[in-house]
Amino acid sequence: MPIKSGKLGVLVRGAGWVAGEHIQAFLKNPHTEIRHIDARNEQKIEGYFKKFDFRCDTSCEQYEQALKRKDIHIVTLCTINHQHAREAVLAAKHGKHVFIEKPIAIQAREMAALARALKASQVKSAVGFVCHWYPRLISIKRQVEQGALGRIFYAHA
């Protein structure tokens with residue numbers, strides 16, 4: 001796939017809170033350019049355009065059509081949990097690198113299908129689980145590993 005303007009083209013799927021975080025990150029990256037947002041809520045998309053002072057193509061629930069674009073190299077999935085695996089499989093089948101918000105899948109068979117699609121397409125993938133780097137969680141993990149909290153048999157967050 002040719003890279004227009006020397007940047008990797010990004011398709012953002014979804015327009016909720018986490019999409020705004022992804023948009024902000026891709027806009028700051030000198031190697032990427034957001035070229036398309038596909039989401040149900042056009043007002044939220046407009047809000048992101050105003051908040052971050054940029055524009056790109058948009059569509060409403062036309063994800064599969066947007067995946068056909070040759071100038072899109074990366075898909076970032078910011079939709080509701082049960083859609084992640086199916087949408088990631090579609091991205092991989094279209095040869096797009098994919099960034100998936102957690103959870104990757106709801107059922108083991110979805111995860112297996114995604115693993116097969118990623119392997120077959122040889123695209124790169126990553127999962128957004130930023131909590132791994134939260135200082136408080138790092139501290140708790142360390143305490144658990146050191147036995148400071150005793151034997152844990154149940155936790156709720």
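Let me start with what helix α4 packs against: its buried residues, buried meaning under 20% relative accessible area with a 1.4 Å probe and protein chains only, pack against β1 (8-13), α3 (63-66), β4 (74-77), β5 (97-101) and α5 (108-121). Helices here are DSSP runs of H or I with at least four residues, and strands are E runs of at least two, numbered from the N terminus. This is a predicted model, in which local features need pLDDT of at least 70 and side-chain atom pairs count only at pLDDT 80 or more, while totals for chains, interfaces and linings use all residues. Residues are numbered from 1 along each chain as its sequence is written, and side-chain values use heavy atoms, with hydrogens and water left out.

Staying with α4, which spans residues 84-93, eight of its 10 residues are buried, so the helix is largely enclosed by the rest of the structure. Those buried residues are His84, Ala85, Glu87, Ala88, Val89, Leu90, Ala91 and Ala92, and just after the helix Gly95 takes a positive phi of about 75°.

Now to the cores, by which I mean sets of buried Ala, Val, Leu, Ile, Met, Phe, Trp, Tyr and Cys residues joined through side-chain atoms within 4.5 Å. The largest nonpolar core has 18 residues, and Leu11, Tyr63, Leu67, Val75, Leu77 and Val98 have the most contacts inside it. At least two residues of this core come from each of α3, β4, α4, β5 and α5, and the largest share, five residues, is supplied by α4. If we set aside residues up to four places away in sequence, Leu67 touches Leu11, Val75, Leu90, Ala91, His94 and Lys96, where contact means heavy atoms within 4.5 Å. A second, separate core has 17 residues, including Ala15, Ile34, Ile37 and Phe49.

Phe49 takes us to helix α2 (residues 42-52), where Ile45, Tyr48, Phe49 and Phe52 are buried. Seen down the axis of α2, these buried residues fall within an arc of 100°, so they line one face of the helix; the arc is that of the directions from the helix axis to the C-beta atoms. The face turned away from that buried side carries Gln43, Lys50 and Lys51, which are exposed, that is, over 50% relative accessible area. On the buried side, the residues of α2 pack against α1, β2 (32-38) and β3 (57-59).

Finally, Gly20 is found in helix α1 (residues 17-28) and, at 5% relative accessibility, counts as buried. Leaving aside neighbours within four places in sequence, Gly20 is in contact with Tyr48 and Phe52.
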